[in-house]
Structure formats: structure tokens, C-alpha cells
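Me: I would like a close look at one part of this model. Please focus on the aromatic pairs.

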Amino acid sequence: MMQKNDVIEVTIEDMSAAGEGIGKADGFPLFVKDAIIGDTAKVKVMKVKKNYAYARLMEIVMPSVFRVPAKCPIARPCGGCQIQEMVYEKQLEWKETKVVNNLKRIGGFSEELLKEIVEPIVGMEKPFRYRNKAQFPFGTDRSGKIVTGFYAGRTHNIIANTDCPLGVEINQRVLEHVMDYMEQMQIKAYDEETGSGLVRHVLIRYGFVTKEIMVCLVLNAEDTTGLKQVERLIEALMQIEGMTGIVVNFNQKRNNVILGASCETLWGQNYITDYIGSIQYQISSLSFFQVNPRQTERLYGLALAYADLKGHERVWDMYCGIGTIALFFSQKAKEVIGVEVVPQAIEDAKENARINKIENTTFYVGKAEVVLLQLYHEVERQREEVVVVDPPRKGCDKKLLETIVEMSPEKVVYVSCDSATLARDLKFLCGNGYGLRRVRAVDLFPMTVHVECVTLLTRSEATQ
Ligand code: SAH
């Protein structure tokens, strides 16, 4: 029987959903962080569970043919990227297989059907520097120097790094300005242990098309009174080309939620603008926006192609956020109705419709599962209805799926960031009159284990 601290040689044959390599010793699975499929490695057993164990990578005896050097010097301890040491083509293959396996195992779809309808995953030509948003925690190192970087996986120890290779290069300049000024003005970083110190996090948003930059300083303060010190920092940040807004967010809570509820604009605007396709979006500091704008454009382009709108359809955009999909679809549909639970996001959605002079969208605040049921009973039924859903990881609420079945639109386009809950929801829809027609994964998060997916369902009788 395997025991803690045993050192064993294993060959990695598979990878877990969390990105750990999986190897077997006497048929007993070992989960090894940072090991890649194909590696033969010496590993040390850390924790033995009933049916599996966790082990630490000690030495790679024979590297996998899929192994590449990490671009980032702190890839392993940071843990933000889980699979940076696997060659990108293999990452894509693994992600596609993960989606297909979930559709098979959880969704109950047959191998033959999936072989026929699953289209090849959409990867990036350059899978680095793709993120439009970054958030860096601030702290103090043992020698008393200000430090920023990333939390070492699952801890709150900051590993110094101002240049995450997934983020844009400008992040580093912003962070260095902030750190220099903090040192010069003796402004203290927040200390989680004592709740003292001022600067907690720095958030940076960047518009890939517009090149606009917004910096949000998350401060352990009630308001801006007494923050005279920050004025010189603002002057320095203003000099950076593209800077359009400097905002503070107030967070005095003793927890690890990054943002507090209120913001104040110190200079410029409290949003950046950017484009997905020809639609302009205003993105305020607190709103959700996809982090990879280039791949988002491809994802929503595919969703639109799957919907194959002719111009007379009414589209329901459930979980619409700031209206990204609704506005993107509005150019091809008769009308689009968006539903989202966060009121600020709906305000942004309405504002985004206005600045793009789009007049065929309506947005509602509320839970998708509640609002769709109410609305579709109230509105007159159109000849063609299309429902688009883009839920968070936990997938769609059962009530929403039941309502969709009841209203019975010709097409459902399901955009998902979690193929396990996607498979569960598709199983329900396909057990209730729908057929799965198209599936395609899109890699919005290279170097991580996450993957987006777009699927098309149509009413079964529609194709007969
Ligand atoms: N389609 C948008 C947002 C997708 S993220 C975009 O591409 O930008 C999922 C969104 O669902 C978030 O904005 C979240 O606030 C919202 N949400 C979560 N639960 C919800 C619910 N029950 N009803 C409606 N919206 C919900």
C-alpha cells in the first residue's frame, strides 16, 4: 500500500479537469501537478485518499514529447496557468477531447453523432498576451519592500511578478509606476493579517482595438479624504499613453473579495471603450466582460453563424451581461431581448445600445429563469424565436430549461464556459424535443484548463 512520502516513478497517461497529470502506480491513480501527458517522472506521495493520491513532481526522468519550457518564470508556483508546459497544439487537442468526453459521459450523446457534428476547436495563432484585464495584489515582502505579482497557488503569499505573459505589456509600466510612488511617498500596501495599509489591488483594463487603458486602485479606505498622497501617483499614471481613466475602489472589508461596492473616478472616465466586431462597448470598472477579446469575436461570430438569422427572428439573450451577444446579434435579427441579473450590467447594456444607435434591443434586470417565463407569456409569439444562453459555470437553472422547452423556439444556441454543465443541460433539452446539430469549442483561455463552447440545437421535427 502506498504511503505518504513514498517516492515512485510513474508515467503520466492522462490529465485531470484541473490540469494535473495522472499516472498509475499498481493501478492506483496519482494526481501530479505540473506533470504533462507522456512524462515519466519521480513523484513524492503527499496525500493518500481512498481511491487516489496526490503526489508532487520531484524529477522528470523522461520528458514528454508534448513538454515545452514555460514562458513565465513563475508558472509553477503561481498556478494561474495550469498547462503552460504543454505544447499549445496538445492543449487544444486535450480541450476538445474534454468537451467530447463530457458530451458522451454526462450528456449521453453517441460517439457516431459527435464524430459527425463536432467541428475542430478554434485556437489562437499567438496564445499569449491575450487578456484585456489584470488584477494584481499588493503586499510587503520580508525586507519591507512593496511587492506585487500573483498569489502562490491556493495561498495568499505574493510571488513578485509584474509581467504575466497572458497580460498586455503595458501592465508592467503601470505597476512599476505604482510601486515607485508607493516607495517614494511611503504609502503602505495592505496587510491582510492586521487590516492596515492602503493599497490592496491594482486592476488594469485595456482596449485591444482602442488602446485605451483604465487603472483601478483598490484601497483600504472609506473615501478619498486624506488621500492627498495619491495625487502625484495620478499625475504619473496620466502620462502613460492611452490612459483614459483612473479610478479608486473602496474596500475596507477584512475578506478576500477584491472589489468593494463603491468607486470614485479620480481622473478621466470610469470605463474604457472597445470593440467586438463593429460594435462598440463601454466597459465600466465593475462590469463583466470576456477577458479575451480576439477569441470572443470568433466565439460570438460562430454563435451568430449557428443561429443563421434571416432578419425576421426574435432573439432572447439569456445571461446577457453588458449586452455583448444581444448587440452583436441585433444587426441580423428583428429584435433582441436581453436578460441579466446584475442591474449595473443592464445599465451598461442600454448605454451600449444607445452609443451604437441600436434600436431593436430591450433589456431586463432579473433572473433569466423568472423573467423568460413571465415575458414570453406576455408577448405575442413570433413566427421564429431563437434563444441564446450564455450562463456562468454552474449552467442554466432547470426552470429556465423547462421554460425553453415550453416556449419551444426553433433554435437554441448554447454558449458555455463549462462543458460538464453544458452536457447536463443539453441532455435535458435533447430529452425534450431538441436535437444537437453543431458543436465547436473555442479556446478563450490558452495555458489554462478552461475552454468555451458553442452549440446549436433545433427542434427535432424541424429537421425531419
Ligand atoms: N453574455 C455575456 C455574459 C456572460 S457571463 C457576455 O458575453 O459578456 C454570465 C452572466 O450571467 C453574468 O453577467 C452574470 O451576472 C449573469 N447571471 C448569473 N446568474 C444569472 C441568472 N440567474 N439570471 C440572469 N443572469 C445571470
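Is Tyr52 buried or exposed, or partly exposed? Please go on from there to the ring pairs around this residue.

Reply: Tyr52 is partly exposed, at a relative accessible area of 29%. Buried means under 20% relative accessible area, exposed over 50%, and partly exposed in between, with a 1.4 Å probe and protein chains only. The model is predicted: local features need pLDDT of at least 70, side-chain atom pairs count only at pLDDT 80 or more, and totals for chains, interfaces and linings use all residues. Residues are numbered from 1 along each chain as its sequence is written, and side-chain values use heavy atoms, without hydrogens and water.

Now the rings. Across the whole structure, a search finds 7 aromatic pairs. Rings of Phe, Tyr and Trp (its six-membered ring) pair if their centres lie within 6.5 Å; planes under 30 degrees apart are stacked, over 60 edge-to-face, the rest tilted. One of the pairs is Phe31 with Tyr52. This pair is edge-to-face, with 5.4 Å centre to centre and 65 degrees between the planes. Phe31 sits in strand E3 (residues 28-32), and Tyr52 in the loop between strand E4 (40-48) and strand E5 (53-62), so the pair ties together parts 21 residues apart in sequence. Strands are DSSP runs (E, at least two residues), numbered from the N terminus. Phe31 is buried, at 19% relative accessibility. Ring pairs also link Phe31, Tyr52 and Tyr54 into a cluster.

How values were computed:
Helices (H or I, at least four residues) and strands (E, at least two) are DSSP runs, numbered from the N terminus.
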